[in-house]
Amino acid sequence: MALESQPVLCLASASPRRRALLASIGVAVQVQPCNIDETPLANESAERYVERLAQAKAQAAAPMTSLPTLGSDTAVVVDGQILGKPDSQQHAAWMLRQLSGREHQVLTGVAVTGPQGVLTCCVTTRVTLRALSEAEIAAYWKTAEPQDKAGGYAIQGLASVFVTGIEGSHSAVVGLPLFETACLLRRQGVPLWDGHLPA
(Lines give C-alpha, C1' and ligand atoms only; values in the text may rest on other atoms or scores of the structure.)
Protein backbone atom coordinates (compact mmCIF):
# COMPACT_ATOMS: atom_id res chain seq x y z
CA MET A 1 0.00 0.00 0.00
CA ALA A 2 1.22 3.52 -0.80
CA LEU A 3 2.59 5.45 2.14
CA GLU A 4 1.19 8.69 0.68
CA SER A 5 -2.60 9.06 0.86
CA GLN A 6 -2.66 12.14 -1.38
CA PRO A 7 -1.95 11.46 -5.07
CA VAL A 8 1.43 12.76 -6.20
CA LEU A 9 1.28 11.35 -9.73
CA CYS A 10 -1.27 10.89 -12.50
CA LEU A 11 -1.21 7.38 -13.98
CA ALA A 12 -2.35 7.32 -17.61
CA SER A 13 -3.45 3.70 -17.35
CA ALA A 14 -6.24 1.63 -15.88
CA SER A 15 -3.79 -1.21 -15.18
CA PRO A 16 -4.16 -2.44 -11.58
CA ARG A 17 -0.67 -3.96 -11.90
CA ARG A 18 1.00 -0.61 -12.62
CA ARG A 19 -0.96 1.06 -9.84
CA ALA A 20 0.13 -1.65 -7.39
CA LEU A 21 3.77 -1.39 -8.49
CA LEU A 22 3.75 2.38 -7.91
CA ALA A 23 2.07 1.89 -4.53
CA SER A 24 4.87 -0.52 -3.60
CA ILE A 25 7.39 2.35 -3.80
CA GLY A 26 5.13 4.77 -1.91
CA VAL A 27 3.60 6.61 -4.87
CA ALA A 28 -0.14 7.25 -4.63
CA VAL A 29 -1.76 7.95 -7.99
CA GLN A 30 -4.72 9.59 -9.63
CA VAL A 31 -5.85 7.25 -12.42
CA GLN A 32 -6.59 8.82 -15.80
CA PRO A 33 -6.67 6.11 -18.50
CA CYS A 34 -6.36 7.26 -22.10
CA ASN A 35 -7.30 5.36 -25.24
CA ILE A 36 -4.81 5.81 -28.05
CA ASP A 37 -4.15 4.05 -31.33
CA GLU A 38 -1.67 1.27 -30.53
CA THR A 39 -1.01 0.19 -34.12
CA PRO A 40 2.73 -0.15 -34.80
CA LEU A 41 4.08 2.14 -37.52
CA ALA A 42 5.70 0.75 -40.64
CA ASN A 43 9.26 -0.42 -39.94
CA GLU A 44 9.00 0.78 -36.32
CA SER A 45 11.34 -0.95 -33.88
CA ALA A 46 9.87 -2.48 -30.74
CA GLU A 47 11.88 -0.06 -28.60
CA ARG A 48 10.56 2.94 -30.45
CA TYR A 49 7.03 1.50 -30.41
CA VAL A 50 6.75 1.14 -26.63
CA GLU A 51 8.41 4.51 -25.97
CA ARG A 52 6.11 6.24 -28.46
CA LEU A 53 2.98 4.75 -26.90
CA ALA A 54 4.15 5.52 -23.36
CA GLN A 55 4.77 9.13 -24.33
CA ALA A 56 1.45 9.41 -26.17
CA LYS A 57 -0.44 8.12 -23.13
CA ALA A 58 1.34 10.48 -20.74
CA GLN A 59 0.82 13.49 -22.98
CA ALA A 60 -2.86 12.64 -23.52
CA ALA A 61 -3.54 12.54 -19.78
CA ALA A 62 -1.30 15.47 -18.76
CA PRO A 63 -3.79 18.24 -19.66
CA MET A 64 -6.38 16.65 -17.34
CA THR A 65 -4.31 17.09 -14.18
CA SER A 66 -1.85 19.39 -12.43
CA LEU A 67 0.29 16.43 -11.37
CA PRO A 68 3.24 14.89 -13.20
CA THR A 69 1.88 12.17 -15.47
CA LEU A 70 3.19 8.68 -16.18
CA GLY A 71 2.43 6.62 -19.27
CA SER A 72 3.74 3.13 -19.97
CA ASP A 73 3.47 0.38 -22.53
CA THR A 74 4.72 -3.21 -22.59
CA ALA A 75 5.31 -5.41 -25.62
CA VAL A 76 6.40 -9.02 -25.96
CA VAL A 77 8.78 -9.54 -28.88
CA VAL A 78 9.84 -12.81 -30.50
CA ASP A 79 11.77 -13.11 -33.77
CA GLY A 80 11.47 -9.32 -34.12
CA GLN A 81 7.68 -9.48 -34.09
CA ILE A 82 5.62 -7.51 -31.56
CA LEU A 83 2.96 -9.61 -29.84
CA GLY A 84 0.15 -7.47 -28.48
CA LYS A 85 -2.85 -8.60 -26.46
CA PRO A 86 -4.71 -11.62 -27.86
CA ASP A 87 -8.08 -10.95 -29.46
CA SER A 88 -9.29 -14.56 -29.31
CA GLN A 89 -8.46 -17.97 -27.90
CA GLN A 90 -6.87 -18.94 -31.20
CA HIS A 91 -4.72 -15.82 -31.18
CA ALA A 92 -3.57 -16.45 -27.60
CA ALA A 93 -2.77 -20.08 -28.41
CA TRP A 94 -0.71 -18.99 -31.41
CA MET A 95 1.24 -16.53 -29.25
CA LEU A 96 2.03 -19.13 -26.61
CA ARG A 97 3.18 -21.57 -29.28
CA GLN A 98 5.63 -18.92 -30.49
CA LEU A 99 6.97 -18.48 -26.95
CA SER A 100 6.98 -22.16 -25.97
CA GLY A 101 10.35 -23.65 -25.13
CA ARG A 102 12.43 -20.60 -25.95
CA GLU A 103 13.58 -17.12 -24.97
CA HIS A 104 11.76 -13.92 -25.88
CA GLN A 105 12.07 -10.24 -25.02
CA VAL A 106 9.69 -8.08 -23.00
CA LEU A 107 10.10 -4.35 -23.63
CA THR A 108 8.51 -1.74 -21.40
CA GLY A 109 8.53 1.94 -22.24
CA VAL A 110 7.94 4.60 -19.59
CA ALA A 111 7.30 8.34 -20.04
CA VAL A 112 6.86 10.90 -17.27
CA THR A 113 5.77 14.49 -17.90
CA GLY A 114 6.62 17.25 -15.43
CA PRO A 115 8.87 20.25 -14.84
CA GLN A 116 11.69 18.62 -16.86
CA GLY A 117 9.48 18.11 -19.92
CA VAL A 118 8.90 14.53 -21.05
CA LEU A 119 11.41 11.99 -19.78
CA THR A 120 11.40 8.49 -21.28
CA CYS A 121 13.14 5.16 -21.01
CA CYS A 122 12.83 1.66 -22.42
CA VAL A 123 13.79 -1.47 -20.49
CA THR A 124 14.34 -4.88 -22.09
CA THR A 125 14.02 -8.11 -20.13
CA ARG A 126 14.71 -11.61 -21.47
CA VAL A 127 12.27 -14.31 -20.43
CA THR A 128 12.41 -18.04 -21.17
CA LEU A 129 9.36 -20.31 -21.05
CA ARG A 130 9.47 -24.09 -20.89
CA ALA A 131 7.84 -26.13 -23.62
CA LEU A 132 4.05 -25.95 -23.35
CA SER A 133 1.64 -28.66 -24.40
CA GLU A 134 -1.55 -27.92 -26.32
CA ALA A 135 -3.54 -29.06 -23.27
CA GLU A 136 -1.70 -26.57 -21.04
CA ILE A 137 -2.25 -23.76 -23.51
CA ALA A 138 -5.98 -24.54 -23.69
CA ALA A 139 -6.26 -24.84 -19.90
CA TYR A 140 -4.45 -21.56 -19.39
CA TRP A 141 -6.89 -19.72 -21.67
CA LYS A 142 -9.80 -21.02 -19.57
CA THR A 143 -8.39 -19.21 -16.53
CA ALA A 144 -9.10 -15.87 -18.32
CA GLU A 145 -5.67 -14.60 -17.26
CA PRO A 146 -4.19 -14.28 -20.80
CA GLN A 147 -7.01 -12.17 -22.20
CA ASP A 148 -5.62 -8.68 -21.45
CA LYS A 149 -1.91 -9.47 -21.30
CA ALA A 150 0.75 -8.65 -23.88
CA GLY A 151 2.02 -11.90 -25.32
CA GLY A 152 -0.92 -13.77 -23.82
CA TYR A 153 0.58 -14.51 -20.40
CA ALA A 154 1.13 -12.97 -16.96
CA ILE A 155 4.49 -13.64 -15.33
CA GLN A 156 3.13 -12.57 -11.94
CA GLY A 157 0.16 -14.91 -12.18
CA LEU A 158 -0.58 -18.51 -13.05
CA ALA A 159 1.89 -18.46 -15.95
CA SER A 160 4.75 -18.15 -13.45
CA VAL A 161 4.93 -21.96 -13.54
CA PHE A 162 5.91 -21.73 -17.24
CA VAL A 163 8.93 -19.46 -16.63
CA THR A 164 12.32 -21.16 -16.46
CA GLY A 165 14.50 -18.04 -16.58
CA ILE A 166 14.49 -14.27 -16.51
CA GLU A 167 17.32 -11.86 -17.20
CA GLY A 168 16.59 -8.25 -16.29
CA SER A 169 13.74 -6.49 -14.50
CA HIS A 170 10.90 -8.68 -13.23
CA SER A 171 8.73 -5.64 -12.47
CA ALA A 172 9.17 -4.44 -16.07
CA VAL A 173 7.59 -7.68 -17.31
CA VAL A 174 4.71 -7.14 -14.88
CA GLY A 175 4.25 -3.64 -16.31
CA LEU A 176 6.67 -1.08 -14.88
CA PRO A 177 10.47 -1.20 -14.36
CA LEU A 178 10.64 0.18 -10.83
CA PHE A 179 14.31 1.18 -10.67
CA GLU A 180 14.18 3.16 -13.92
CA THR A 181 10.72 4.55 -13.14
CA ALA A 182 11.91 5.77 -9.74
CA CYS A 183 14.79 7.61 -11.44
CA LEU A 184 12.39 9.37 -13.82
CA LEU A 185 9.97 10.26 -11.01
CA ARG A 186 12.73 11.75 -8.87
CA ARG A 187 13.90 13.88 -11.80
CA GLN A 188 10.33 15.22 -12.13
CA GLY A 189 10.12 16.00 -8.40
CA VAL A 190 7.80 13.14 -7.43
CA PRO A 191 8.60 11.90 -3.89
CA LEU A 192 8.98 8.17 -3.26
CA TRP A 193 8.70 6.28 0.02
CA ASP A 194 12.16 7.47 1.12
CA GLY A 195 11.37 11.10 0.30
CA HIS A 196 14.64 11.45 -1.59
CA LEU A 197 14.86 13.76 -4.57
CA PRO A 198 17.94 14.43 -6.71
CA ALA A 199 20.38 17.01 -5.40
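Mentor: We begin with a definition: strands are DSSP runs of E with at least two residues, and they are numbered from the N terminus. In this predicted model, the strand β3 gives the most to the lining of the largest pocket, with 5 residues.

Trainee: What volume does the largest pocket have, and which residues are the closest to its centre?

Mentor: The volume of the largest pocket is about 730 Å³. Its lining consists of 36 residues, and the closest to the centre are Arg18, Lys57, Asp73, Lys85 and Asp148. Two or more lining residues come from each of the elements α1 (16-24), α2 (46-61), β3, β4 (81-83) and α5 (170-174).

Trainee: How do the residues of that lining divide into nonpolar, polar and charged?

Mentor: The lining holds 19 nonpolar, 9 polar and 8 charged residues. Gly is placed among the polar residues in this division.

Trainee: Why is Thr74 called buried?

Mentor: Thr74 has a relative accessible area of 16%. Thr74 lies in strand β3, which covers residues 69-78.

Trainee: What makes the pairing of Thr74 with Arg18 a polar contact?

Mentor: The two side chains are 3.2 Å apart, and the cut-off for a pair of N or O atoms is within 3.5 Å. The side chain of Thr74 makes another polar contact, with the side chain of Thr108, at 3.0 Å.

Trainee: Which residues is Thr74 in contact with, leaving aside its neighbours within four places in sequence?

Mentor: They are Arg18, Val50, Val106, Leu107, Thr108, Ala150, Ala172 and Gly175. Contact here requires heavy atoms within 4.5 Å.

Trainee: Is Thr113 buried or exposed, and how do you know?

Mentor: Thr113 is buried, because its relative accessible area is 10% and the limit is under 20%. Thr113 is found in strand β5, residues 103-114. Not counting residues up to four places away in sequence, Thr113 touches Ala58, Gln59, Ala62, Pro68, Thr69, Val118 and Gln188. Thr113 and Gln55 are 58 residues apart in sequence, yet 8.4 Å apart in space, C-alpha to C-alpha.

Trainee: How many aromatic pairs does a search of the whole structure find?

Mentor: The search finds 1 aromatic pair. Tyr140 and Phe162 form this pair, with 5.5 Å from centre to centre and 80 degrees between the planes.

Trainee: Why does Ala144 count as partly exposed?

Mentor: Exposed means over 50% and buried under 20%, with partly exposed in between. Ala144 has 40% relative accessibility and therefore counts as partly exposed. Ala144 is found in the loop between α4 and β7, and has a positive phi of about 75 degrees although it is not a glycine.

Trainee: What makes Asn43 exposed?

Mentor: Its relative accessible area is 83%, and exposed means over 50%, so Asn43 is exposed. Asn43 belongs to the loop between β2 (29-31) and α2. Asn43 is not a glycine, yet it has a positive phi of about 60 degrees.

Trainee: Why are Gln90 and Pro115 called exposed?

Mentor: Gln90 has a relative accessible area of 58% and Pro115 has 66% relative accessibility. The cut-off is over 50%, so Gln90 counts as exposed, and so does Pro115. Gln90 is found in helix α3, residues 89-99, whereas Pro115 lies in the loop between β5 and β6 (117-129).

Note on methods:
Residues numbered from 1 in each chain as written. Predicted model: local features only at pLDDT ≥ 70, side-chain atom pairs only at ≥ 80, totals over all residues. Heavy atoms only, no water. Helix = DSSP H or I, 4+ residues; strand = E, 2+ residues; numbered from the N terminus. Buried < 20%, exposed > 50% of the residue type's maximum accessible area, 1.4 Å probe, protein only. Polar contact = N/O pair within 3.5 Å; in protein donor to acceptor, adjacent residues only side chain to side chain. 1 Å grid on protein atoms, 1.4 Å probe; cavity = no way out; pocket = protein on both sides within 12 Å on 5 of 7 lines; lining within 4 Å. Points joined across faces, edges and corners; volume = space filled by probe spheres on them. Phe/Tyr/Trp six-rings, centres within 6.5 Å; stacked < 30°, edge-to-face > 60°.
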